[in-house]
Protein chains: 4
Amino acid sequence: MVIVMQKTARAEEIQKIVDTIEALQLRVHISEGTERTIVGIIGNKSVLTDIPLESFDGVEKIVHVTHPFKMASREFHPEPTIIEVGNVRIGAGTPVIMAGPCAVESREQILQTAHAVKAAGATCLRGGAFKPRSSPYSFQGLKEEGLKLLAEARKETGLAIVTEVMDPVNLPMVAEYADILQIGARNMQNFHLLKEVGKTGKPVMLKRGIAATIEEWLMSAEYILSEGNPNVMLCERGIRTFEKYTRNTMDLNAIPVIKHLSHLPVIADPSHGTGVARYVPAMSKASIAAGADGLILEVHPNPAKAMSDGPQSLTLEQFDQLMKELGNR
Amino acid sequence: MVIVMQKTARAEEIQKIVDTIEALQLRVHISEGTERTIVGIIGNKSVLTDIPLESFDGVEKIVHVTHPFKMASREFHPEPTIIEVGNVRIGAGTPVIMAGPCAVESREQILQTAHAVKAAGATCLRGGAFKPRSSPYSFQGLKEEGLKLLAEARKETGLAIVTEVMDPVNLPMVAEYADILQIGARNMQNFHLLKEVGKTGKPVMLKRGIAATIEEWLMSAEYILSEGNPNVMLCERGIRTFEKYTRNTMDLNAIPVIKHLSHLPVIADPSHGTGVARYVPAMSKASIAAGADGLILEVHPNPAKAMSDGPQSLTLEQFDQLMKELGNR
Amino acid sequence: MVIVMQKTARAEEIQKIVDTIEALQLRVHISEGTERTIVGIIGNKSVLTDIPLESFDGVEKIVHVTHPFKMASREFHPEPTIIEVGNVRIGAGTPVIMAGPCAVESREQILQTAHAVKAAGATCLRGGAFKPRSSPYSFQGLKEEGLKLLAEARKETGLAIVTEVMDPVNLPMVAEYADILQIGARNMQNFHLLKEVGKTGKPVMLKRGIAATIEEWLMSAEYILSEGNPNVMLCERGIRTFEKYTRNTMDLNAIPVIKHLSHLPVIADPSHGTGVARYVPAMSKASIAAGADGLILEVHPNPAKAMSDGPQSLTLEQFDQLMKELGNR
Amino acid sequence: MVIVMQKTARAEEIQKIVDTIEALQLRVHISEGTERTIVGIIGNKSVLTDIPLESFDGVEKIVHVTHPFKMASREFHPEPTIIEVGNVRIGAGTPVIMAGPCAVESREQILQTAHAVKAAGATCLRGGAFKPRSSPYSFQGLKEEGLKLLAEARKETGLAIVTEVMDPVNLPMVAEYADILQIGARNMQNFHLLKEVGKTGKPVMLKRGIAATIEEWLMSAEYILSEGNPNVMLCERGIRTFEKYTRNTMDLNAIPVIKHLSHLPVIADPSHGTGVARYVPAMSKASIAAGADGLILEVHPNPAKAMSDGPQSLTLEQFDQLMKELGNR
């Protein structure tokens with residue numbers, strides 16, 4: 001950490017900072033420039049987390065030279081993390097395909113979809129039983145009934161189940177049915193929920209918040225990891241920009257950036273990342289080419305009758321075609 | 001609602017849409033242009049909420065001509081809402097001042113601050129007992145001990161207490177101590193929590209999400225209102241942009257926009273909106289001039305020792321000076 | 001075009017709009033809903049371009065149902081445009097590789113780079129002679145001397161030259177040397193310059209503005225096309241977001257979106273799109289997978305001595321390796 | 001400037017940097033931490049502008065501790081700049097009001113508006129003769145005829161004229177008629193144009209680019225200042241965000257930030273900043289309260305017949321009313 005002093009900082013202001021830091025058993029390194037003084041801090045900076053150095057008199061700004069995440073960092077864990085979910089290995093080199101409807105709507109819908117996506121090459125089934133909706137008047141999911149239908153689909157097909165958990169109250173129920181707990185974009189900084197899924201030890205797919213930086217996203221992963229759960233995968237699902245032709249702007253840059261900074265697997269979600277089924281195949285291929293460890297795709301037997309997110313859902317035929325083009329069959 | 005058909009839409013595609021809509025007891029109005037057909041829908045569109053018309057064959061796009069929020073809308077409730085918290089009336093014309101530290105840190109800190117902000121003209125005391133922090137390694141608040149200290153400060157000063165609730169599990173405890181329940185920016189779309197605070201009936205201050213549109217923000221208010229709780233105030237606390245000299249970009253446009261669209265009071269938070277104490281006075285004045293129903297300000301006896309958000313906290317003296325300039329004393 | 005009236009609109013306000021539109025020889029189609037009236041307009045709406053219908057009394061909003069671009073639209077020109085630059089065909093199916101330094105710095109630098117990128121598979125040489133720099137104190141390019149060095153490199157290698165033109169005053173000089181005129185992101189809406197490059201008839205590469213929507217970008221292409229120059233290619237080079245680990249956020253969604261909306265070729269620029277050489281190979285592959293018609297890449301014999309944009313430049317060896325991985329050699 | 005080395009940096013990599021810096025007559029200050037080495041640079045860093053230190057082997061990142069702008073900086077010029085335009089003094093404490101139509105449309109329109117805004121308290125007349133329009137098919141302004149009408153309005157009323165110059169080719173003509181040369185948001189980084197208006201010595205109003213940071217905006221001012229023209233005022237006109245209820249998001253934070261960083265006057269433009277006439281009065285008051293040195297407002301005798309930007313134009317009566325509320329009459 002480096003403290004840049006104001007041009008006008010006085011000697012006693014600098015001394016007060018030095019005293020504060022040394023009282024914490026850290027060493028300081030003072031560099032007097034022609035215009036201003038810079039104070040470097042040497043040692044374990046975690047003791048400084050809650051000292052508001054920016055507020056000390058004479059301070060211009062604080063510059064952090066190390067990343068705030070630790071357990072999520074590749075420096076801390078040089079080898080890539082591989083998450084095992086039954087026979088599925090996420091992060092092991094071969095992209096994993098997760099597919100299914102936005103929401104579980106009926107027994108027929110989920111079973112038909114499960115069989116079809118399995119036949120086409122998927123190894124995980126997605127489907128929401130609890131749905132976060134911006135309107136309180138929209139369909140909110142089948143809840144436990146939906147979870148039971150997912151379990152039935154797993155039993156029939158062997159697909160692993162990925163489904164969203166929205167709050168700590170329903171977490172025990174969701175965790176009983178799910179193989180992978182999904183944390184949605186709107187909950188990326190629901191810290192209470194992050195800690196609770198951390199305690200379960202189950203695989204977690206953490207979606208990026210709609211305006212989250214990569215650093216904040218990794219800090220949210222850190223919340224889960226620091227509860228003792230190493231099974232965290234990240235999911236890039238697009239960020240909000242001013243562009244209107246697409247629902248979100250997929251940030252594929254995030255894939256190589258995370259591969260550099262972290263050891264955690266990254267899944268891409270071109271369905272939410274574009275919001276338009278027509279653009280999903282191109283962006284699925286781009287995501288794999290960028291280095292994604294897998295895809296999560298919305299697939300519906302009849303998108304025109306989907307209860308949510310129909311416009312971004314592939315039909316069973318479109319999904320099968322995409323799998324062929326990706327060489328997954 | 002208006003459905004714009006593709007140029008290439010066929011007659012049977014248009015008919016299928018007409019049939020779907022008429023089956024829901026709505027009327028359609030077809031307008032055949034030189035290039036494409038437009039289908040207008042007449043009647044109560046709420047029955048269409050979960051019909052994915054965008055996915056029907058031949059559809060180019062759907063245009064919504066009415067707002068999705070109802071109870072939050074000024075059309076629904078033409079008179080401005082006034083929220084009464086003890087003797088404090090929020091939305092009644094005179095700006096309400098809420099002030100206090102980011103986090104409750106100690107008995108001495110909160111009592112000293114409470115007395116000082118009361119003397120300077122504040123009528124509500126802010127202070128976090130549960131703190132959302134992007135790092136799991138940062139100070140997370142004094143929790144119930146902090147709530148008890150706030151209650152003590154209320155007893156001594158008569159100030160109403162506004163404090164954040166972060167999750168449904170701790171809601172009963174927070175609701176026992178707080179006069180106004182604050183929902184933080186990161187939880188603006190934590191729908192489970194919104195419903196639960198809706199059920200309490202207590203005054204709620206709903207902060208705008210860091211990348212939320214005004215429409216989404218009002219939809220989140222709708223979640224609380226639709227549970228039967230009319231005591232919702234909104235809080236503009238800045239949105240994320242690419243600007244780096246400030247922590248967030250205050251969107252003061254939102255104040256007259258909300259006054260036009262909704263009947264709910266709006267509070268401005270220049271402390272988070274700028275992130276820099278030096279800019280808080282100017283933006284406090286601007287917020288009031290834009291029509292805000294109140295301010296929420298971070299004030300700390302010694303910002304250089306604050307355990308969070310020190311750089312944006314006013315000292316007791318700076319706060320007193322600002323109150324004088326605002327004519328609040 | 002659809003005009004949504006306010007709930008409170010009076011009959012005479014609606015009539016005034018109808019009269020205005022019919023006076024322009026357009027037809028109207030009125031749809032009276034339960035809550036409000038909608039006025040559809042039928043016919044060639046271009047005569048309405050400068051009528052501010054939003055300002056008429058009683059109007060809530062105007063909804064455009066067609067795209068504002070015409071000559072850039074795929075509806076207008078269904079076949080993809082192929083641009084021929086000597087032997088290079090852009091948009092013909094095989095991705096075209098453009099490579100070279102950010103700025104032309106010396107005869108040795110540009111000739112060495114030109115030979116190397118040609119050997120590795122590039123067919124166009126990039127290099128700036130006029131450099132837009134945010135600081136007036138930074139290196140601004142070798143100007144005409146740089147153009148002459150590019151011409152010499154073309155003579156030696158046969159590579160086509162792509163170089164930026166920044167203003168109409170220097171356009172004749174740049175057009176004399178360049179095979180492809182590059183319009184930089186900062187000039188995407190420099191309309192005077194767009195018209196002037198339109199008049200030259202030369203191939204133009206139009207970079208996307210740092211916060212431009214795809215619609216605005218296509219409208220800027222329309223400026224060039226409408227001057228009679230059909231040789232326009234678009235270049236996605238990243239947009240500005242709040243993310244800090246990368247210089248820009250590459251919007252690869254834009255590639256399939258433009259392929260759908262327009263017939264113009266799209267080139268991807270992962271060097272500016274990421275700002276970090278380490279991430280360029282992954283994003284080059286992703287761009288091609290998304291459907292880009294080509295790549296433009298910064299390559300420098302010694303990035304540590306580059307006079308601009310060194311951090312995002314590949315070395316000659318890294319470029320050669322990437323070409324092998326892309327199957328271009 | 002501080003160079004943060006990678007954890008894995010080798011001694012010879014550090015030495016190479018030290019040698020490079022010392023060869024430029026600068027001093028280095030090495031601070032060896034427990035994890036990594038930091039190299040501080042002492043002396044006049046302008047000689048480093050074009051050395052790509054980020055690209056040196058072993059470098060993690062470069063941290064700039066001083067602002068890149070010099071002549072625009074308050075450190076360089078502690079007293080506020082006052083710009084004199086005839087009798088009008090901009091930056092002298094009393095807010096200056098500039099008002100008029102988006103575009104000059106006719107003799108009658110501009111003269112009527114000029115007399116009315118003068119009577120209401122304005123001292124400058126705005127009006128575009130050259131109009132930047134995103135569509136080549138939209139009205140582009142009356143050009144020289146418009147400038148002549150502005151000059152006539154000045155002669156009749158004594159109002160100073162502020163009008164946009166879009167390109168260096170027409171600059172001599174515009175400079176002949178204008179009192180204040182306006183650089184539009186789209187041209188904020190049209191560096192050639194900035195230099196040319198710098199050479200004229202005339203007062204310049206530099207609008208902020210739609211996605212420009214404050215630092216970039218001040219760097220563009222630096223381009224004008226460094227050509228010897230000290231008469232630069234800045235104009236905040238809103239930035240692009242994802243919010244849809246307003247055309248742009250006014251960043252009023254920018255006003256106190258610029259007052260802190262720079263000595264240049266700042267004008268606010270609530271017409272473009274909101275895009276909706278209904279919200280202009282509230283944001284005009286907020287802008288003044290935030291510390292703006294003036295307002296530039298769109299006013300039209302009949303917004304429903306304006307050839308551009310009608311929806312954000314005040315009527316003559318609305319403008320008069322606002323002036324009364326601001327205490328300007």
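UniProt, in an unreviewed entry, puts the feature "domain: DAHP synthetase I/KDSA" at residues 85-326 of chain A; UniProt positions follow the numbering used here, feature names are shortened, and annotations may be inferred rather than shown by experiment. That span is 38% helix and 16% strand, and its end C-alpha atoms lie 22 Å apart. Helices (H or I, at least four residues) and strands (E, at least two) are DSSP runs, numbered from the N terminus.

A quick word on ground rules. This is a predicted model, where local features need pLDDT of at least 70 and side-chain atom pairs count only at pLDDT 80 or more, while totals for chains, interfaces and linings use all residues. Residues are numbered from 1 along each chain as its sequence is written, chains are lettered from A and ligands numbered from 1 in the order in which they are written, and side-chain values use heavy atoms, with hydrogens and water left out.

Let's start where chain C meets chain D. Each chain brings 46 residues to the contact (heavy atoms within 4.5 Å). Together they bury about 3,800 Å², with 55% of that coming from carbon and sulfur atoms; buried area is the accessible area (1.4 Å probe) that two parts lose on being put together, summed over both. There are 18 residue pairs in polar contact here, both residues at pLDDT 80 or more. A polar contact is a pair of N or O atoms within 3.5 Å; within protein, one must be able to donate a hydrogen and the other to accept it, and residues adjacent in sequence count only if both atoms are side-chain atoms.

You'll also find 2 salt bridges across this interface (a side-chain nitrogen of Lys or Arg within 4 Å of a carboxyl oxygen of Asp or Glu). One of them pairs C:Glu216 with D:Arg240, whose closest N and O atoms are 2.6 Å apart. On chain C's side, α5 (191-200) and α6 (214-225) each supply at least two residues, and α6(C) gives the largest share, with 4 residues.

Now over to chain A and chain D. This contact takes 26 residues from each chain and buries about 2,000 Å², 59% of it on carbon and sulfur atoms. The rule finds 5 residue pairs in polar contact and 2 salt bridges, including one between D:Lys7 and A:Glu75 at 2.9 Å, N to O. Strands feature on chain A's side: β1 (2-5), β2 (27-32), β3 (37-42) and β4 (59-63) each supply at least two residues. The largest share, 5 residues, belongs to β2(A).
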